[in-house]
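Biologist: Before I rely on any label in this model, I would like each one set against its rule. Could you take me through the structure in that way?

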Amino acid sequence: MADEQEHASIDPATIDAAAFEVLVIAELDELPDDMIDGLENVIFVTEDRPEDGSLDILGLYDGVALTERDRYGFGELPDRIILYREPLLAACADLDELKDEIHVTLVHEIAHFYGIDDDHLHELGWA
């Protein structure tokens with residue numbers, strides 16, 4: 001128990017890119033199988049910041065949602081789900097909050113892959 005409390009008080013600002021990627025992978029492992037099993041030709045990427053340099057965007061789905069695909073098959077570049085380290089770190093006060101926010105961001109971006117828009121995600125509490 002003391003070890004858990006000690007980890008919760010770690011300053012997220014001290015988490016480098018490699019450690020952040022480990023946290024993202026751990027949160028991906030926590031997602032339900034039925035959410036992950038349907039992902040085809042999708043890669044997960046971590047980057048420091050969005051292209052515009054802002055801290056406003058925590059994640060991004062870069063691809064064509066399943067509901068919008070007409071012809072999609074062999075040879076297509078993979079869709080990407082990107083989590084931005086610096087905005088996520090800036091939004092969180094401790095490690096537990098960071099893990100929760102990574103989890104929510106993963107669910108949010110995966111939902112976009114399945115064609116769920118931001119309005120519906122807000123209704124479901126995943127915005």
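Modeller: Let me begin with Tyr-61, which counts as buried because its relative accessibility is 12%, and buried means under 20% relative accessible area, exposed over 50% and partly exposed in between, with a 1.4 Å probe and protein chains only. Please keep in mind that this is a predicted model, in which local features need pLDDT of at least 70 and side-chain atom pairs count only at pLDDT 80 or more, while totals for chains, interfaces and linings use all residues. Residues are numbered from 1 along each chain as its sequence is written, and side-chain values use heavy atoms, with hydrogens and water left out.

Biologist: What makes the ring pair of Tyr-61 and Phe-113 edge-to-face?

Modeller: Rings of Phe, Tyr and Trp (its six-membered ring) pair if their centres lie within 6.5 Å, and planes under 30 degrees apart count as stacked, over 60 as edge-to-face and the rest as tilted. By this rule there are 2 aromatic pairs. For Tyr-61 and Phe-113 the centres are 6.1 Å apart and the planes make 85 degrees, so the pair is edge-to-face. Tyr-61 belongs to strand β2 and Phe-113 to helix α5 (residues 95-113), so the pair ties together parts that are 52 residues apart in sequence. Helices here are DSSP runs of H or I with at least four residues, and strands are runs of E with at least two, numbered from the N terminus.

Biologist: Is Phe-113 buried or exposed, and why is its pair with Tyr-114 called edge-to-face?

Modeller: Phe-113 has a relative accessible area of 0%, so it is buried. The ring centres of Phe-113 and Tyr-114 are 5.0 Å apart and the planes stand at 80 degrees, so this pair is also edge-to-face. Tyr-114, in contrast, counts as partly exposed because its relative accessibility is 26%. Ring pairs link Tyr-61, Phe-113 and Tyr-114 into a cluster.

Biologist: How do you know that β2 pairs with β3, and in which sense do they run?

Modeller: Two strands pair if DSSP finds at least two bridges between them, and 4 bridges join β2 to β3, which run antiparallel. Within this pairing, Tyr-61 stands opposite Ile-81 in β3. β1 and strand β3 (residues 79-84) are joined in the parallel sense over 6 bridges, and there Phe-44 stands opposite Ile-81.

Biologist: Why is the sheet called mixed, and which strands are its edges?

Modeller: The 3 strands form an open sheet in the order β1-β3-β2 with mixed pairing. The edge strands are β1 (42-47) and β2 (59-62), each of which pairs on one side only.

Biologist: Which residues make up the covered face of β2?

Modeller: The covered face of β2 consists of Gly-59 and Tyr-61, while Leu-60 and Asp-62 form the uncovered one. In a regular strand the side chains alternate between the two faces of the sheet.

Biologist: How many helices and strands does the protein have in total?

Modeller: There are 6 helices and 3 strands, running α-α-α-β-β-β-α-α-α from the N terminus on. Of the 127 residues, 31% count as buried.
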